[in-house]
Amino acid sequence: MGEGLLFIVSAPSGAGKTSLVKALLERDAELSLSVSCTTRQARAGEQDGIHYHFLSQDQFRQELAEGAFLEHAEVFGNFYGTREADVRACIAAGRDLVLEIDWQGARQVRERFGAAISIFVLPPSIQALEQRLRGRGTDSDDIIAGRMAQARDEMLHFGEYDYLVVNDRFEMALDVLAAIVTAERQRLSHQRPRLASLLGEIESNH
Ligand code: GDP
Ligand code: ADP
Ligand code: 5GP
């Protein structure tokens, strides 16, 4: 059947990555989302096992020592990590998977999965980014100031990604993301195992 594709989506906090990926998953039944582990506090409305696996610092350190993480990073003073077993099980089953991770994690995943496709979501301006962070209403002024500073650092890594998507008009950015996923699925290397029967027929008929 062939392995599923691995998509990495990164963005500065507030660029709209979470909203875009959520909408993409609603549109595309073939895509799954990797649920990360984090040591940060759950925000109002976030559910353990759905938005994140919320772990204590001790639990996180133990899994890290056991080598459970495909990648991990410290972001805004909290630890985040992706469990390797979950990723491998998903793509081995032929399902396409999205990782919503920061640039440090993206680097680690590229080293381990050369075929990973990475997408960086940019806000239309720095000012728009700050407005969105404030508008979301989930973080205090201190946290927002910290996230804005880190956002600038994060954005400097845009050059490491395969695709840049500007999230100005949401629906347009969503269409672009969906188009990238669709195009990547038509690559020869991806199609060959999936179209084995058709391609075999073509090759045996010449
Ligand atoms: P995180 O800090 O990386 O987790 O960023 P989030 O994904 O949690 O949220 C960033 C902000 O962008 C939030 O306040 C969202 O509500 C906002 N946002 C996302 N999509 C839209 C949209 O389509 N329209 C508007 N107006 N705001 C959006
Ligand atoms: P991220 O996951 O990158 O931090 P979110 O998805 O939480 O970002 O989006 C941040 C805020 O900006 C949210 O309040 C969201 O509704 C809003 N937002 C996202 N995309 C747009 C857009 N294209 N135009 C205006 N606001 C947006
Ligand atoms: P938030 O706390 O706002 O949900 O996420 C903050 C940052 O952590 C985002 O930049 C997000 O991409 C990153 N992040 C979330 N999960 C992971 C993960 O599993 N690994 C890594 N490396 N970064 C993550």
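## Worked exercises on a predicted model

Thr39 has a relative accessible area of 14% and is therefore buried (under 20% relative accessible area; exposed is over 50%, partly exposed in between, with a 1.4 Å probe and protein chains only). This is a predicted model, in which local features need pLDDT of at least 70 and side-chain atom pairs count only at pLDDT 80 or more, while totals for chains, interfaces and linings use all residues. Residues are numbered from 1 along each chain as its sequence is written, chains are lettered from A and ligands numbered from 1 in the order in which they are written, and side-chain values use heavy atoms, with hydrogens and water left out.

**Exercise 1.** Find where Thr39 sits and what surrounds it.

*Solution.* Start with the place: Thr39 belongs to the loop between strand E3 (37-38) and strand E4 (53-54) (strands, E, at least two residues, and helices, H or I, at least four, are DSSP runs numbered from the N terminus). Next, list the contacts (heavy atoms within 4.5 Å): beyond four places in sequence, Thr39 meets Leu55, Ser56, Gln57, Phe60, Asn78 and Phe79. Finally, look at the side chain of Thr39, which comes to 2.9 Å from the backbone nitrogen of Phe79.

**Exercise 2.** Is Asp96 buried or exposed, and what does its side chain reach?

*Solution.* First locate Asp96 in strand E7. Its relative accessibility is 5%, so Asp96 counts as buried. Then check the side chain: one of its polar atoms is 2.7 Å from the backbone nitrogen of Leu5. Among the residues that Asp96 touches, beyond four places in sequence, are Phe7, Glu30, Arg185 and His190.

**Exercise 3.** Which residues of helix H4 (residues 103-112) are buried?

*Solution.* Go along the helix and pick out Trp103, Gly105, Ala106 and Val109. They lie on the same side of H4, because they cover an arc of only 150° around the axis (taken from the directions from the helix axis to the C-beta atoms). Now see what covers them: strand E1 (6-10), strand E5 (69-75), strand E7 (96-100) and helix H6 (141-155) are included.

**Exercise 4.** Which residues are around ligand 1?

*Solution.* Collect those with a heavy atom within 4 Å: Ser13, Gly14, Lys17, Thr18, Ser19, Arg43, Arg132, Arg136, Arg147 and Phe170. Then inspect the side chains. An N or O atom of Thr18 is 2.6 Å from an oxygen atom of ligand 1, and one of Arg147 is 2.8 Å from an oxygen atom of the ligand.

Technical notes
A polar contact is a pair of N or O atoms within 3.5 Å; within protein, one must be able to donate a hydrogen and the other to accept it, and residues adjacent in sequence count only if both atoms are side-chain atoms.
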